[in-house]
Amino acid sequence: MPIFDQTEEELFREFESSGRGLSSAEAKKRLIKYGRNVLKLKTEPLWRRIIEPFADIFMIVLIVAGVLSIIEGNTVDAIIIFAIILINAMIDYVQQFSTERILRSLKSVASQQVSVLRDGEMVTIDSSELVPGDIVALAEGDKVPADGRIVTASEPRADESILTGESELVSKSTKTLTGIKEIYEQSNILFSGTFLISGNVRLLVVRTGSNTEFGKIADLATQTFSISPVQVKINKLVKGIAIVMGMLSVVAFVMSLMAGIDWLESLEFVIALAVSAVPEGLPIAISIILALGMRRMAAKKALVANMRAIETIGVITTIATDKTGTLTMNKLTVQDHWAFNVKSATFKQAVAQALIDPESSHDPLDTAFLDFTKTRGKPLISTTPLATFSFSQALAMSGNVWHEGNKFKLVVKGAPERILDVSNVTESDRELAIHQLAEYTSQGQRVIGIAEIVLSAEPKDLKIGIKGKHLKFIGLVSVADQIRRESHSAVAQARAAGVTVRMITGDHFETAYQIGKKIGIVETRDQVFDCSKLSMLSEADLLDTIRGTFVFSRVTPEAKLQILNLLEKENITAMTGDGVNDVPALAGANVGIAMGSGSYIARDAGDIVLLDDNFKSIVTAMKEGRVIVANIRRMLFYLLSTNAGEVLTMLGALLLSASLPLAPVQILWINIVTDTFFIIPLGLEPAEDNVMKKKPESPDAPILDRHTITRMVLVAITVAIVTLFAYLYYMPILGQAAAGTLAFMALAITQWSNAFNARSSYQSVFTRLKVMNSKFYICLGLAIVFQLAIFIEPLKSWMHVASVPLPELLLVSAISFAAPILVVELHKLAVYIFNTNKA
């Protein structure tokens, strides 16, 4: 049975407690049974965390290649490969450390001293020593140390924004509830981590530590883990390459044995194939590109905590954004006012006299009223009231008493209908006020009524002061959480880029709709879903509902995570937020985007932190991410097409019954040295013109489209033909050693040429030359220098290079450079013609 629908007697029986609290001896027993009132971290076993980086398909392929190199005796090759493996493992360990910050932050919530009944007497203990069954006394301004049922209360109101994300104070009571209630409806329970803003309560502790609602958020955060969608696609691609290469290696090994080649030489051939197929430098290169992207984004007020988030935000298809503090300022402001038969100055005077000092009330409504009534930045009234009556739940109002000559003036504020009930207004005047009230509420605004009365004697309490229904009605004030100026344009920019925006809030349906409409997220009410109805729908029905929903109201942390999980079935999602209630969703989203001014726990949970809290910065991050993803595709195209060319070269030599044109160390030189010079500059290539005009790809779309794969195949075939031609043509003329050297040079130069092809997906290589990438040309120069250095000892011996005539070297170089560019230019032209006819 839930806690909120049990009577006080039932609860005392269940928790074996009473109004005198627990005995000290019983408290000690329960502390052993339930543990301390702190959050407990759940972490993976050490052995799993150690081996996790090596379980990646990329790492497995590299490990196999390294082991084969050791078996063959190629120590240098093996050292280089295992160095790459260890560097990538270190990067993974750093990422593991980063994700654990969320849990450390949740656990580090400071303990506090609390007053608790023990042995019938009030004593002070550390909050970590609280146990279920304790009776805790809380006063105005106290932080709630554990989840508890209110057993005695005096007009309590709580700030639960840490759990719900909504800044409006929640009235609490001792009343037993019935039916099914969400967190925000459990008015007789105070939750750990929230604050008691007004009133006094005694609380029966029912949940402590990780069993509290706050603890459940921590647990949800530990359950969520999101691998980069781009990394998933790359892993899928590499897995496919590994499978194909495994099959080819077996076939090649058998064919070489059947051809009469010695088994050791056949094994050498298989090693060469494995080394040529694996893009060893890709993981490190991607990490470097992402790290440089982090620096650029930090300069644009977007701090990246999880490096992989940069690539992921470039492929997001939807943004699920919290409202409070993200699209809005998380600050109540007066939107409008309606003065009833009084001058503006008189109205403001009444509002100023009705507000309670915000420093004592902690009520954002009083802060909004204070800002509204200020004149030239100074409060309208500098004196203090004679008496203050805090908010009464029974009367739904609060008030102040002021001296009015030799009389007393009571000024009240509260629920408009209740204010009108005690005011001296005609029926027609009441209808006029109700009409104005309806107009404000239809815009999603909260409305407060103001009234006053002059009394001959000072009222002892609020109820006596308003008795008789003779108050003078002053008017209405509408307040709302202020929408950020840039929110509307930022949402429009995201939608123009093909990314849907969904607002997730704890607000009521109408308020959520009005804000969503103002910002441009929704147009009609059927695009808004009330999450209090979430449990009524099956997962299939809910998924269907979510497709056409862009604003979710009355959302709890669990519901937010459920919505996010369903969105991720068909979308790549970014989640924005700033509160503790956002932590599970921030941790579980493909990209969690936290606000810099939000709670430190939310910032630690976010993959990206917006230092300026500007929703527009998300669009900037999207562009940066799209550029990086496009550049990762360039890197993949470049590496895989040239590596495939190496594989075809080796297989072609076998099919033609020729000796191997390249030694494994020469292939490793090209893959590690030559490739490295180009892969980083390609990852830093400036954006193409259409980067923010293209719609996001389907989450199921492969990392490389069919046009790119076709181009890769064409390049690979071209590389193989050119390299084998150089080897087979010159072998009878210059000998095997010189022919092998020319084949080595041909393979390297075709890669230089292909690097120019990779600079643009659709523009001509000659058009792309107009876009300066100085790093590319610097690295081209370095690649040429290093490649020519192989003709100098000791590299000449290590690389198995022979001297070759200069004319033959120049001819092979010219053909090797021109052939790949010619083939790719023809393919780009064919794709352009195909797309034009299709359009």
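This dialogue goes through a few features of a predicted model.

Student: How many helices and strands does the protein have?

Tutor: The protein has 33 helices and 21 strands. Buried residues make up 54% of its 839 residues.

Student: What share of the contacts with a separation of 6 or more joins residues 24 or more positions apart?

Tutor: Such pairs account for 73% of those contacts.

Student: Is strand S16 mostly covered or mostly open?

Tutor: In a regular strand the side chains alternate between the two faces of the sheet. Here S16, residues 500–504, is mostly covered, with four of its five residues buried. Buried means under 20% relative accessible area.

Student: Which strands are joined to S16 by bridges?

Tutor: Strand S9, residues 318–322, runs parallel to S16, and five bridges join them. Ile-319 stands opposite Val-501 of S16. Strand S18, residues 551–553, also runs parallel to S16, with two bridges between them. There, Ile-504 has Phe-552 in S18 as its bridge partner.

Student: At what angle do the axes of helices H14 and H16 cross?

Tutor: The angle is roughly 145°, and the axes come within 9 Å. H14 covers residues 344–354 and H16 covers residues 364–373. Their crossing is left-handed.

Student: Which residues meet where H14 and H16 are in contact?

Tutor: From H14 come Phe-347, Lys-348, Val-351 and Ala-352; from H16 come Phe-369, Phe-372 and Thr-373. This contact divides into five nonpolar residues, one polar and one charged.

Student: What is the accessible surface of the protein?

Tutor: The surface comes to about 36,300 Å², and 60% of that belongs to carbon and sulfur atoms.

Technical notes. Residues numbered from 1 in each chain as written. Predicted model: local features only at pLDDT ≥ 70, side-chain atom pairs only at ≥ 80, totals over all residues. Heavy atoms only, no water. Axes fitted to C-alpha atoms, helices over the stretch in contact; angles between N-to-C directions. Left-handed = near helix turned anticlockwise from the far one by under 90°. Contact = heavy atoms within 4.5 Å. Nonpolar A, V, L, I, M, F, W, Y, C, P; charged D, E, K, R; others polar. Buried < 20%, exposed > 50% of the residue type's maximum accessible area, 1.4 Å probe, protein only. Pairing = 2+ DSSP bridges. Areas by Shrake-Rupley, 256 points an atom, 1.4 Å probe, with all protein chains shown as cover.
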